[in-house]
Amino acid sequence: MTTQQQPLTLAEVEALARAAHEGQTDKAGRPYAEHLAAVAEGVRSRGGSPEQQAAAWLHDAVEDDALSREWLDSAALPQAVKDMVLAVTKRPGEPLEEYTARILATPGALLVKEADLAHNADPARLSVLDAPTRERLTAKYARVRSLLGLTAP
């Protein structure tokens with residue numbers, strides 16, 4: 001008889017994500033956990049479910065090697081959370097069209113990516129970057145939004 005693990009609570013997922021990204025900073029040099037918190041809050045404020053909020057906390061964990069794919073596979077999380085995290089995880093060399101198609105095909109993932117893009121494209125965040133980086137990222141985020149059918153933030 002196998003023992004069923006109790007699913008991690010949202011608070012436990014947040015603590016795990018914060019610990020996993022400890023010491024990491026974003027492109028502006030800010031603690032990476034600030035980005036995770038902003039994306040989770042963006043999901044919550046857009047009416048996202050607790051599962052979507054959990055995925056928001058973990059949305060960059062596998063991509064940034066903060067947590068392994070094996071960890072995610074065995075984590076005490078609903079399959080929907082795992083699916084959303086994997087949907088928004090960019091894969092090396094993957095065309096943007098395939099990446100965005102996977103997000104659109106995964107229930108709940110679009111809202112997570114929308115909140116991620118909204119925070120990434122925040123003018124206050126972008127303003128601290130050098131002009132070439134700011135322009136490159138602004139164009140990239142606009143292209144992703146377009147492929148996902150999202151209107152401007």
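Mentor: Take α7 and α9, which are roughly antiparallel to each other because their angle is over 145 degrees. This is a predicted model. The packing angle of α7 and α9 is about 155°, and their axes lie 11 Å apart. Their crossing is left-handed. On the α7 side, the contact is made by Leu 110, Lys 113, Glu 114, Leu 117, Ala 118 and Asn 120. From α9 come Tyr 141, Val 144, Arg 145 and Leu 148. By class, the residues of this contact of α7 with α9 are six nonpolar, one polar and three charged.

Helix α7, residues 109–120, also packs with α2, residues 32–45. Here the angle is about 130° and the axes are 8 Å apart. That angle makes α2 oblique to α7. The crossing of α2 and α7 is right-handed. In α7, the residues that meet α2 are Leu 111, Val 112, Ala 115, Asp 116, His 119 and Asn 120. Their partners in α2 are Glu 34, His 35, Ala 38, Val 39, Gly 42 and Val 43. The contact of α2 with α7 divides into six nonpolar, four polar and two charged residues.

Asn 120 is listed in the contact with α9 and in the contact with α2. Asn 120 is also among the residues nearest the centre of the largest pocket, together with Lys 27, Tyr 32, Asp 60 and Tyr 141. The elements that give two or more residues to the lining of that pocket include α2, α7 and α9. The pocket has a volume of about 410 Å³ and is lined by 25 residues. Of the lining, 11 residues are nonpolar, four polar and 10 charged.

Note on methods
Residues numbered from 1 in each chain as written. Predicted model: local features only at pLDDT ≥ 70, side-chain atom pairs only at ≥ 80, totals over all residues. Heavy atoms only, no water. Axes fitted to C-alpha atoms, helices over the stretch in contact; angles between N-to-C directions. Helix = DSSP H or I, 4+ residues; strand = E, 2+ residues; numbered from the N terminus. Parallel < 35°, antiparallel > 145°, perpendicular 65-115°, else oblique. Left-handed = near helix turned anticlockwise from the far one by under 90°. Contact = heavy atoms within 4.5 Å. Nonpolar A, V, L, I, M, F, W, Y, C, P; charged D, E, K, R; others polar. 1 Å grid on protein atoms, 1.4 Å probe; cavity = no way out; pocket = protein on both sides within 12 Å on 5 of 7 lines; lining within 4 Å. Points joined across faces, edges and corners; volume = space filled by probe spheres on them.
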